Amino acid sequence: MGSIYEIVALVYIVFHGLQAMANAPDLIKLQSAVAKGAVCLDGSPPAYQLDWGQEEGAKNWLLHLQGGYWCTTTEECRTRMNDSSGLGSSTKMKSSYFAGILSNNKTLNPYFYNWNRVYVRYCDGSCFTGDKQESAADGPYYRGGRIFSAIVDELMELGMKNAPNVLLSGSSAGGLATMLHCDRFKNRLPTFSKVKCLSDASYFITLNNPSGFVELHGSVTNLPVSCTSKMDTALCLYPRNVVPDIQTPLFLLNSAYDAFQIAATVRLPAGSTRSCLYNLTGCPATVWKQWKDFRLKILQEVTMGNLSRRGLFINACHTHSQSEFQSKWLGDPKSMLDNTTISDAVGKWFNDEKLIQLIDRKHSSPQQCVLDASEPNACNNYTWGASYLCNTSTLI
(Lines give C-alpha, C1' and ligand atoms only; values in the text may rest on other atoms or scores of the structure.)
Protein backbone atom coordinates (compact mmCIF):
# COMPACT_ATOMS: atom_id res chain seq x y z
CA MET A 1 0.00 0.00 0.00
CA GLY A 2 1.39 3.42 -0.91
CA SER A 3 1.59 6.45 1.29
CA ILE A 4 -1.42 8.68 1.95
CA TYR A 5 0.11 11.22 -0.45
CA GLU A 6 0.43 8.62 -3.21
CA ILE A 7 -3.16 7.49 -2.71
CA VAL A 8 -4.47 11.07 -2.80
CA ALA A 9 -2.37 11.72 -5.92
CA LEU A 10 -3.79 8.62 -7.59
CA VAL A 11 -7.37 9.65 -6.82
CA TYR A 12 -6.63 13.11 -8.24
CA ILE A 13 -5.13 11.63 -11.39
CA VAL A 14 -7.98 9.17 -11.96
CA PHE A 15 -10.61 11.89 -11.51
CA HIS A 16 -8.89 14.47 -13.67
CA GLY A 17 -7.83 11.87 -16.21
CA LEU A 18 -11.49 11.05 -16.74
CA GLN A 19 -12.32 14.74 -16.80
CA ALA A 20 -9.69 15.25 -19.50
CA MET A 21 -11.46 12.68 -21.65
CA ALA A 22 -14.62 14.78 -21.85
CA ASN A 23 -14.20 15.66 -25.51
CA ALA A 24 -13.70 13.35 -28.48
CA PRO A 25 -13.71 15.56 -31.58
CA ASP A 26 -15.23 14.15 -34.74
CA LEU A 27 -13.06 12.11 -37.07
CA ILE A 28 -12.58 14.08 -40.30
CA LYS A 29 -11.78 11.95 -43.35
CA LEU A 30 -9.98 13.98 -45.98
CA GLN A 31 -11.66 12.72 -49.16
CA SER A 32 -9.93 15.32 -51.33
CA ALA A 33 -6.53 13.79 -50.49
CA VAL A 34 -7.33 10.61 -52.40
CA ALA A 35 -6.92 12.39 -55.74
CA LYS A 36 -3.38 13.32 -54.63
CA GLY A 37 -2.59 9.69 -53.90
CA ALA A 38 -2.51 10.48 -50.19
CA VAL A 39 -4.17 7.36 -48.81
CA CYS A 40 -3.89 4.88 -45.97
CA LEU A 41 -2.34 1.47 -46.50
CA ASP A 42 -5.69 0.10 -47.72
CA GLY A 43 -6.43 3.05 -50.03
CA SER A 44 -8.92 4.77 -47.71
CA PRO A 45 -8.63 8.55 -47.16
CA PRO A 46 -6.41 9.90 -44.37
CA ALA A 47 -8.04 11.39 -41.30
CA TYR A 48 -7.58 13.83 -38.47
CA GLN A 49 -9.48 15.26 -35.50
CA LEU A 50 -9.71 18.97 -34.78
CA ASP A 51 -10.80 20.84 -31.67
CA TRP A 52 -11.04 24.53 -32.54
CA GLY A 53 -9.21 27.11 -30.44
CA GLN A 54 -10.88 29.80 -28.40
CA GLU A 55 -10.28 33.42 -27.40
CA GLU A 56 -6.61 34.49 -27.40
CA GLY A 57 -5.48 31.03 -28.53
CA ALA A 58 -7.78 30.88 -31.55
CA LYS A 59 -5.03 31.70 -34.07
CA ASN A 60 -2.43 29.27 -32.68
CA TRP A 61 -2.10 25.70 -33.91
CA LEU A 62 -0.87 22.45 -32.39
CA LEU A 63 -0.53 19.38 -34.61
CA HIS A 64 0.02 16.09 -32.79
CA LEU A 65 1.00 13.05 -34.87
CA GLN A 66 -0.36 9.72 -33.67
CA GLY A 67 2.06 6.87 -33.00
CA GLY A 68 1.71 3.18 -33.72
CA TYR A 69 5.09 1.63 -34.63
CA TRP A 70 5.53 0.80 -38.35
CA CYS A 71 5.63 -2.03 -40.89
CA THR A 72 8.76 -3.13 -42.77
CA THR A 73 7.37 -5.94 -44.95
CA THR A 74 4.37 -6.29 -47.23
CA GLU A 75 2.94 -8.93 -44.92
CA GLU A 76 3.19 -6.65 -41.88
CA CYS A 77 1.53 -3.80 -43.78
CA ARG A 78 -1.31 -6.05 -44.95
CA THR A 79 -1.89 -7.06 -41.35
CA ARG A 80 -2.19 -3.40 -40.37
CA MET A 81 -4.70 -2.80 -43.18
CA ASN A 82 -7.11 -5.21 -41.52
CA ASP A 83 -6.36 -4.40 -37.89
CA SER A 84 -9.20 -3.00 -35.81
CA SER A 85 -6.87 -0.30 -34.42
CA GLY A 86 -7.28 1.75 -37.60
CA LEU A 87 -3.49 1.96 -38.02
CA GLY A 88 -3.83 0.93 -41.66
CA SER A 89 -7.30 2.10 -42.62
CA SER A 90 -9.51 5.07 -41.78
CA THR A 91 -12.55 2.83 -42.25
CA LYS A 92 -11.64 1.16 -38.96
CA MET A 93 -10.76 4.32 -37.01
CA LYS A 94 -12.77 5.60 -34.09
CA SER A 95 -12.62 9.09 -32.62
CA SER A 96 -10.04 9.37 -29.85
CA TYR A 97 -10.49 11.39 -26.69
CA PHE A 98 -8.21 14.38 -26.23
CA ALA A 99 -6.10 14.44 -23.07
CA GLY A 100 -2.71 15.74 -21.98
CA ILE A 101 -1.26 18.10 -24.56
CA LEU A 102 -4.54 17.89 -26.51
CA SER A 103 -6.87 18.67 -23.59
CA ASN A 104 -9.17 21.71 -23.76
CA ASN A 105 -9.09 22.09 -19.97
CA LYS A 106 -7.07 25.11 -18.79
CA THR A 107 -6.22 23.50 -15.46
CA LEU A 108 -4.95 20.32 -17.09
CA ASN A 109 -3.26 21.84 -20.14
CA PRO A 110 -2.54 25.49 -19.26
CA TYR A 111 -0.34 26.41 -22.22
CA PHE A 112 -2.20 24.88 -25.18
CA TYR A 113 -5.80 24.28 -24.02
CA ASN A 114 -7.31 27.06 -26.17
CA TRP A 115 -5.21 26.53 -29.31
CA ASN A 116 -6.53 24.82 -32.43
CA ARG A 117 -5.50 21.26 -31.53
CA VAL A 118 -5.23 18.64 -34.27
CA TYR A 119 -4.71 14.92 -33.82
CA VAL A 120 -3.29 13.62 -37.10
CA ARG A 121 -4.25 9.97 -37.33
CA TYR A 122 -1.65 7.40 -38.37
CA CYS A 123 -2.57 4.84 -41.03
CA ASP A 124 0.46 4.52 -43.31
CA GLY A 125 2.94 2.47 -41.27
CA SER A 126 5.88 4.66 -42.34
CA CYS A 127 6.03 7.49 -39.79
CA PHE A 128 4.42 9.70 -42.45
CA THR A 129 7.39 9.25 -44.83
CA GLY A 130 6.21 6.87 -47.57
CA ASP A 131 5.99 7.99 -51.20
CA LYS A 132 5.86 5.07 -53.62
CA GLN A 133 3.61 5.07 -56.67
CA GLU A 134 3.65 1.37 -57.41
CA SER A 135 1.02 -0.66 -55.58
CA ALA A 136 -1.19 -3.65 -56.06
CA ALA A 137 -4.79 -2.74 -56.79
CA ASP A 138 -5.83 -3.83 -53.31
CA GLY A 139 -2.84 -2.27 -51.53
CA PRO A 140 -0.80 -1.82 -49.51
CA TYR A 141 -0.33 1.79 -50.59
CA TYR A 142 2.84 3.44 -49.31
CA ARG A 143 1.89 7.11 -49.18
CA GLY A 144 2.61 8.39 -45.66
CA GLY A 145 4.59 11.44 -46.85
CA ARG A 146 1.70 12.46 -49.08
CA ILE A 147 -0.71 12.08 -46.16
CA PHE A 148 1.32 14.48 -44.06
CA SER A 149 1.50 17.03 -46.90
CA ALA A 150 -2.22 16.75 -47.72
CA ILE A 151 -3.30 17.29 -44.12
CA VAL A 152 -0.94 20.23 -43.71
CA ASP A 153 -2.40 21.69 -46.95
CA GLU A 154 -5.88 21.35 -45.47
CA LEU A 155 -4.94 22.98 -42.16
CA MET A 156 -3.17 25.85 -43.92
CA GLU A 157 -6.43 26.67 -45.68
CA LEU A 158 -8.31 26.43 -42.39
CA GLY A 159 -6.18 29.21 -40.94
CA MET A 160 -2.79 27.79 -39.99
CA LYS A 161 -1.09 29.85 -42.71
CA ASN A 162 -1.77 32.93 -40.55
CA ALA A 163 -0.78 31.40 -37.22
CA PRO A 164 1.56 33.37 -34.93
CA ASN A 165 2.43 30.20 -32.99
CA VAL A 166 2.63 26.61 -34.22
CA LEU A 167 3.80 23.46 -32.44
CA LEU A 168 4.32 20.20 -34.32
CA SER A 169 4.38 17.30 -31.89
CA GLY A 170 4.02 13.54 -31.88
CA SER A 171 4.44 10.42 -29.79
CA SER A 172 6.42 7.26 -30.54
CA ALA A 173 6.31 6.75 -34.33
CA GLY A 174 4.56 10.12 -34.53
CA GLY A 175 7.42 11.69 -32.59
CA LEU A 176 9.95 10.23 -35.00
CA ALA A 177 7.88 11.67 -37.85
CA THR A 178 8.00 15.04 -36.08
CA MET A 179 11.80 14.95 -36.09
CA LEU A 180 11.97 13.91 -39.74
CA HIS A 181 9.52 16.60 -40.91
CA CYS A 182 10.41 19.37 -38.46
CA ASP A 183 12.52 21.69 -40.62
CA ARG A 184 10.50 21.08 -43.77
CA PHE A 185 7.29 21.80 -41.87
CA LYS A 186 8.67 25.07 -40.49
CA ASN A 187 9.62 26.17 -43.99
CA ARG A 188 5.99 25.84 -45.06
CA LEU A 189 4.89 28.43 -42.51
CA PRO A 190 5.36 32.20 -42.97
CA THR A 191 8.46 33.80 -41.48
CA PHE A 192 6.38 35.63 -38.84
CA SER A 193 5.19 32.32 -37.34
CA LYS A 194 7.03 30.94 -34.32
CA VAL A 195 7.36 27.24 -35.09
CA LYS A 196 8.78 24.58 -32.80
CA CYS A 197 8.70 20.79 -32.57
CA LEU A 198 8.16 18.30 -29.74
CA SER A 199 9.15 14.63 -30.02
CA ASP A 200 7.79 12.33 -27.33
CA ALA A 201 9.02 8.75 -26.72
CA SER A 202 10.71 8.68 -30.11
CA TYR A 203 14.43 8.72 -29.45
CA PHE A 204 14.97 5.23 -30.81
CA ILE A 205 18.49 3.91 -30.32
CA THR A 206 17.78 0.61 -32.08
CA LEU A 207 15.41 -0.10 -34.97
CA ASN A 208 14.09 -3.23 -36.59
CA ASN A 209 14.97 -3.53 -40.29
CA PRO A 210 15.49 0.17 -41.14
CA SER A 211 16.69 -0.67 -44.68
CA GLY A 212 13.52 -2.66 -45.32
CA PHE A 213 11.47 0.23 -43.95
CA VAL A 214 12.99 2.82 -46.30
CA GLU A 215 12.94 0.59 -49.37
CA LEU A 216 9.40 -0.71 -48.87
CA HIS A 217 7.82 2.71 -48.34
CA GLY A 218 10.01 4.75 -50.69
CA SER A 219 10.82 7.02 -47.76
CA VAL A 220 14.00 8.60 -49.08
CA THR A 221 12.34 11.77 -50.42
CA ASN A 222 10.85 12.55 -47.01
CA LEU A 223 13.97 12.01 -44.94
CA PRO A 224 16.07 15.10 -44.08
CA VAL A 225 18.53 15.97 -46.83
CA SER A 226 20.93 17.14 -44.13
CA CYS A 227 21.27 13.45 -43.24
CA THR A 228 20.75 11.61 -46.56
CA SER A 229 23.44 13.74 -48.20
CA LYS A 230 25.99 12.34 -45.76
CA MET A 231 25.08 8.70 -45.15
CA ASP A 232 22.95 5.73 -46.14
CA THR A 233 19.28 6.64 -46.10
CA ALA A 234 18.34 3.86 -43.67
CA LEU A 235 20.64 5.41 -41.07
CA CYS A 236 18.56 8.59 -41.30
CA LEU A 237 15.76 6.92 -39.36
CA TYR A 238 17.95 7.04 -36.26
CA PRO A 239 17.46 10.23 -34.22
CA ARG A 240 21.18 10.42 -33.41
CA ASN A 241 21.86 11.02 -37.12
CA VAL A 242 19.05 13.55 -37.58
CA VAL A 243 18.58 15.59 -34.40
CA PRO A 244 21.99 17.36 -34.38
CA ASP A 245 21.22 18.94 -37.77
CA ILE A 246 17.64 20.07 -37.06
CA GLN A 247 17.55 23.86 -37.26
CA THR A 248 14.05 24.38 -35.83
CA PRO A 249 13.87 24.48 -32.01
CA LEU A 250 13.18 20.92 -30.85
CA PHE A 251 12.07 19.51 -27.49
CA LEU A 252 12.94 15.90 -26.66
CA LEU A 253 10.61 14.26 -24.14
CA ASN A 254 11.69 10.73 -23.30
CA SER A 255 12.19 8.26 -20.53
CA ALA A 256 15.66 6.86 -19.95
CA TYR A 257 13.81 3.57 -19.36
CA ASP A 258 11.38 3.75 -22.27
CA ALA A 259 9.12 0.73 -21.81
CA PHE A 260 8.74 -0.09 -25.49
CA GLN A 261 12.43 0.09 -26.27
CA ILE A 262 13.37 -1.89 -23.16
CA ALA A 263 10.95 -4.65 -24.17
CA ALA A 264 12.30 -4.61 -27.73
CA THR A 265 16.02 -4.54 -26.95
CA VAL A 266 16.67 -6.44 -23.70
CA ARG A 267 17.77 -10.00 -24.39
CA LEU A 268 16.71 -12.53 -21.77
CA PRO A 269 18.96 -15.42 -20.75
CA ALA A 270 17.56 -18.93 -21.06
CA GLY A 271 15.17 -19.67 -18.26
CA SER A 272 14.34 -16.05 -17.47
CA THR A 273 10.71 -14.96 -17.27
CA ARG A 274 9.33 -12.09 -19.31
CA SER A 275 8.77 -10.16 -16.11
CA CYS A 276 12.38 -9.05 -16.53
CA LEU A 277 11.14 -6.80 -19.33
CA TYR A 278 8.88 -4.95 -16.92
CA ASN A 279 10.76 -4.94 -13.62
CA LEU A 280 14.01 -6.13 -12.12
CA THR A 281 12.58 -8.44 -9.49
CA GLY A 282 14.43 -11.74 -9.68
CA CYS A 283 16.26 -10.80 -12.88
CA PRO A 284 19.86 -11.94 -13.41
CA ALA A 285 22.67 -9.37 -13.33
CA THR A 286 23.09 -9.57 -17.12
CA VAL A 287 19.56 -8.21 -17.61
CA TRP A 288 20.09 -5.39 -15.13
CA LYS A 289 23.28 -4.43 -16.99
CA GLN A 290 21.29 -4.18 -20.25
CA TRP A 291 18.81 -1.83 -18.58
CA LYS A 292 21.65 0.34 -17.29
CA ASP A 293 23.44 0.33 -20.65
CA PHE A 294 20.23 1.42 -22.38
CA ARG A 295 19.82 4.32 -19.96
CA LEU A 296 23.41 5.50 -20.44
CA LYS A 297 23.05 5.31 -24.22
CA ILE A 298 19.87 7.42 -24.17
CA LEU A 299 21.46 10.04 -21.91
CA GLN A 300 24.50 10.21 -24.17
CA GLU A 301 22.61 10.54 -27.45
CA VAL A 302 19.99 13.11 -26.44
CA THR A 303 22.79 15.55 -25.55
CA MET A 304 24.65 15.22 -28.86
CA GLY A 305 25.14 18.33 -30.99
CA ASN A 306 24.17 21.94 -30.36
CA LEU A 307 21.94 22.24 -27.28
CA SER A 308 21.39 25.99 -27.45
CA ARG A 309 17.73 25.69 -28.53
CA ARG A 310 16.93 22.10 -27.62
CA GLY A 311 14.55 21.43 -24.79
CA LEU A 312 15.06 18.25 -22.78
CA PHE A 313 12.91 16.37 -20.30
CA ILE A 314 14.38 12.93 -19.69
CA ASN A 315 12.86 11.24 -16.67
CA ALA A 316 13.21 7.66 -15.40
CA CYS A 317 9.58 6.54 -15.61
CA HIS A 318 9.21 3.02 -16.96
CA THR A 319 6.68 4.12 -19.52
CA HIS A 320 6.23 5.04 -23.18
CA SER A 321 4.54 8.19 -24.50
CA GLN A 322 3.89 10.86 -21.90
CA SER A 323 2.42 13.90 -23.66
CA GLU A 324 -0.94 12.31 -24.54
CA PHE A 325 -1.78 11.06 -21.04
CA GLN A 326 -2.98 13.40 -18.36
CA SER A 327 -1.18 11.98 -15.33
CA LYS A 328 2.17 12.10 -17.09
CA TRP A 329 1.63 15.46 -18.79
CA LEU A 330 0.43 17.13 -15.60
CA GLY A 331 -0.41 15.23 -12.42
CA ASP A 332 1.82 12.38 -11.31
CA PRO A 333 4.60 13.69 -9.04
CA LYS A 334 6.87 10.81 -10.10
CA SER A 335 6.81 12.06 -13.69
CA MET A 336 8.15 15.47 -12.63
CA LEU A 337 11.75 16.67 -12.60
CA ASP A 338 13.06 19.46 -10.38
CA ASN A 339 9.46 20.07 -9.22
CA THR A 340 8.52 20.78 -12.84
CA THR A 341 5.73 19.03 -14.73
CA ILE A 342 6.15 18.04 -18.34
CA SER A 343 3.40 20.53 -19.20
CA ASP A 344 5.28 23.42 -17.59
CA ALA A 345 8.59 22.36 -19.12
CA VAL A 346 7.22 22.29 -22.67
CA GLY A 347 5.08 25.41 -22.22
CA LYS A 348 7.87 27.57 -20.80
CA TRP A 349 10.27 26.36 -23.45
CA PHE A 350 7.82 27.16 -26.24
CA ASN A 351 7.14 30.62 -24.83
CA ASP A 352 10.87 31.32 -24.55
CA GLU A 353 10.51 31.83 -20.81
CA LYS A 354 13.29 29.39 -20.04
CA LEU A 355 15.53 26.90 -21.83
CA ILE A 356 14.36 23.73 -20.10
CA GLN A 357 16.96 20.96 -20.05
CA LEU A 358 16.04 18.51 -17.30
CA ILE A 359 17.60 15.05 -17.06
CA ASP A 360 17.07 12.60 -14.22
CA ARG A 361 20.61 11.59 -13.32
CA LYS A 362 19.58 10.69 -9.77
CA HIS A 363 17.59 7.52 -10.38
CA SER A 364 19.77 4.80 -11.88
CA SER A 365 16.84 2.37 -11.74
CA PRO A 366 13.41 2.72 -13.40
CA GLN A 367 10.66 4.57 -11.55
CA GLN A 368 7.17 3.08 -11.51
CA CYS A 369 5.04 6.09 -12.37
CA VAL A 370 1.26 6.18 -12.13
CA LEU A 371 -0.96 4.93 -14.92
CA ASP A 372 -3.38 7.41 -16.43
CA ALA A 373 -7.13 6.72 -16.24
CA SER A 374 -7.39 7.73 -19.89
CA GLU A 375 -4.89 5.07 -21.01
CA PRO A 376 -6.85 2.18 -22.52
CA ASN A 377 -6.67 -1.52 -21.64
CA ALA A 378 -4.63 -1.00 -18.49
CA CYS A 379 -3.27 -4.04 -16.73
CA ASN A 380 -1.66 -4.63 -13.39
CA ASN A 381 1.64 -6.36 -14.11
CA TYR A 382 3.72 -5.96 -10.97
CA THR A 383 2.87 -2.29 -10.87
CA TRP A 384 0.74 0.28 -12.67
CA GLY A 385 1.38 -0.33 -16.35
CA ALA A 386 -0.18 -0.04 -19.78
CA SER A 387 -1.28 -2.69 -22.24
CA TYR A 388 1.98 -2.60 -24.18
CA LEU A 389 3.87 -3.48 -20.98
CA CYS A 390 1.74 -6.58 -20.53
CA ASN A 391 1.81 -7.71 -24.15
CA THR A 392 4.84 -6.59 -26.12
CA SER A 393 3.25 -7.73 -29.37
CA THR A 394 0.71 -4.89 -29.07
CA LEU A 395 1.20 -2.05 -31.53
CA ILE A 396 1.95 1.18 -29.75
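The questions below ask how some terms apply to one chain.

This is a predicted model, in which local features need pLDDT of at least 70, side-chain atom pairs count only at pLDDT 80 or more, and totals for chains, interfaces and linings use all residues. Residues are numbered from 1 along each chain as its sequence is written, and side-chain values use heavy atoms, with hydrogens and water left out.

Me: Why is T341 called buried?

Reply: Buried means under 20% relative accessible area, exposed over 50%, and partly exposed in between (1.4 Å probe, protein chains only). T341 has 12% relative accessibility, so T341 counts as buried.

Me: Where does T341 lie?

Reply: T341 is in the loop between α10 (326–329) and α11 (342–350). Helices (H or I, at least four residues) and strands (E, at least two) are DSSP runs, numbered from the N terminus.

Me: Which residues does T341 touch, leaving out those up to four places away in sequence?

Reply: They are F313, W329, L330 and M336. Contact means heavy atoms within 4.5 Å.

Me: What makes the pair of T341 and D344 a polar contact?

Reply: A polar contact is a pair of N or O atoms within 3.5 Å; within protein, one must be able to donate a hydrogen and the other to accept it, and residues adjacent in sequence count only if both atoms are side-chain atoms. A polar atom of the T341 side chain lies 3.0 Å from the backbone nitrogen of D344.

Me: What makes α11 mostly covered?

Reply: Seven of the nine residues of α11 are buried: I342, S343, A345, V346, G347, W349 and F350. Their cover includes β5 (165–171), β6 (194–200), β7, β8 and α10.

Me: How do you know that β8 pairs with β7 and β9?

Reply: Two strands pair if DSSP finds at least two bridges between them. Strand β7 (residues 250–255) is joined to β8 by five bridges, and the two run parallel. Three bridges link β8 to strand β9 (residues 357–359), also in the parallel sense. Opposite F313 in β8 stands L253, while L312 stands opposite Q357 in β9.

Me: Which way do the residues of β8 point?

Reply: G311, F313 and N315 point one way, L312 and I314 the other. In a regular strand the side chains alternate between the two faces of the sheet. Five of the five residues of β8 (residues 311–315) are buried, and the strand is mostly covered.

Me: How many helices and strands does the chain have?

Reply: The chain has 12 helices and 11 strands. Of its 396 residues, 57% count as buried.
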